[in-house]
Amino acid sequence: MDEDAVWAAIVAGYGEEPPDPPGAKPFKSIEDLALPDPETNGSEPGDPESKGAQPDAGKAGKPVTPLGSSVSFAPGVGGGPRDHTPAEPSDGDEDDEGHFVPPEPPPLPEADVTAKFAWLAVIGGPVLMLLAVLLGWQMTWWLTTVCVGGFLGGFGTLVMRMQGDDDDDDPGRGAVV
């Protein structure tokens, strides 16, 4: 094959749409999606080949009806997920699984005085500093020390009082076989 001749043919045909191959079907517009597939490019509606493609066409004068839509859940078409309505709950029926109501959670453990003051320092230190900035107070050394020191002290106290797992026999590195 001569490459120059092939390139010359490509350049000569630039911008032109090539012909469809035999047996190709044209694209359908969005309005025609519910209609049956059109005939292929090489066949006419009256050809015997096209009758094999649609077995209902032309039998006893019956008109060809649309086969349906290729859109699964089109607006206004019933049967979609948005058309579902839940069943009405029955009152006191023991067979009805109904609505799950979780049990009441256990009460939180009471915090001791040290934990309360630690949380007050962790939250109160930054809040006091923000309040001093917003109100335009002079940031003296003692106000800065109280704010930063209170936060760091409260945080350190809470970390030191955390309860950890002290199981030395189980390192927790995988499944036990």
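Reader: Which residues of helix 3 are buried?
Author: In this predicted model, the buried residues of helix 3 are Ala115, Ala118, Val122, Gly125 and Ala132.

Reader: And what covers them?
Author: The cover over the buried residues of helix 3 includes helix 4, residues 141-160. In the other direction, helix 3 is part of what covers the buried residues of helix 4.

Reader: Which residues of helix 4 are those?
Author: They are Leu143, Cys147, Gly154 and Leu158.

Reader: How far is Lys116 from Gly154 in space, and how far in sequence?
Author: Their C-alpha atoms are 9.5 Å apart, while 38 residues separate Lys116 and Gly154 in sequence. Gly154 is one of the buried residues of helix 4.

Reader: Back to the geometry of helix 3. What span does it have, and what would be expected?
Author: Helix 3 covers residues 113-135, which is 23 residues. From its first C-alpha to its last it reaches 31 Å, close to the 33 Å expected at 1.5 Å a residue.

Reader: Where does helix 3 bend, and by how much?
Author: The bend is at Gly124 and amounts to about 30 degrees. A proline, Pro126, follows within four residues of that position.

Reader: What comes after helix 3?
Author: Gly136 follows, and its phi is positive, near 75 degrees.

Reader: What span should helix 4 have, and what does the model give?
Author: Helix 4 has 20 residues, so at 1.5 Å a residue it should span 28 Å. The C-alpha atoms at its ends are 27 Å apart, which agrees.

Reader: Now electrostatics. How many salt bridges does a search of the whole structure find?
Author: The search finds one salt bridge. The side chains that meet in a salt bridge are those of Arg161 and Asp112, at 2.4 Å from N to O.

Reader: Which parts of the chain does that pair tie together?
Author: Arg161 lies in the segment after helix 4, and Asp112 is in the loop between helix 2 (48-53) and helix 3, so the pair ties together parts that are 49 residues apart in sequence. As a general point, side chains of opposite charge can pair when their charged atoms come close.

Reader: How accessible are Arg161 and Asp112?
Author: Arg161 is partly exposed, with a relative accessible area of 41%. Asp112 also counts as partly exposed, at 33% relative accessibility.

Reader: Which residues form the nonpolar patch on the surface?
Author: The patch is formed by Val148, Phe151, Leu152, Phe155, Val159 and Met162. Together they have about 570 Å² of accessible area.

Reader: Where is Met162 placed, and is it buried or exposed?
Author: Met162 is in the segment after helix 4. Its relative accessible area is 60%, so it is exposed.

Reader: Turning to the whole chain, how many helices and strands are there?
Author: The protein chain has four helices and zero strands. From the N terminus on, its elements run α-α-α-α.

Reader: What share of the contacts joins residues at least 24 apart?
Author: That share is 42%, taken among contacts between residues at least 6 apart in sequence.

Terms used
Residues are numbered from 1 along each chain as its sequence is written. This is a predicted model: local features need pLDDT of at least 70, side-chain atom pairs count only at pLDDT 80 or more; totals for chains, interfaces and linings use all residues. Side-chain values use heavy atoms; hydrogens and water are left out. Helices (H or I, at least four residues) and strands (E, at least two) are DSSP runs, numbered from the N terminus. The expected span of a helix is 1.5 Å times one less than its number of residues. The bend at a residue is the angle between axes fitted to the seven residues ending there and the seven starting there. Buried means under 20% relative accessible area, exposed over 50%, partly exposed in between (1.4 Å probe, protein chains only). Contact means heavy atoms within 4.5 Å. Patches are made of residues with over 30% relative accessible area and no salt bridge: like charges are joined within 9 Å, nonpolar side chains (Val, Leu, Ile, Met, Phe, Trp, Tyr) within 5 Å. Accessible areas come from the Shrake-Rupley method with a 1.4 Å probe; for residues, only the protein chains shown count as cover. A salt bridge is a side-chain nitrogen of Lys or Arg within 4 Å of a carboxyl oxygen of Asp or Glu.
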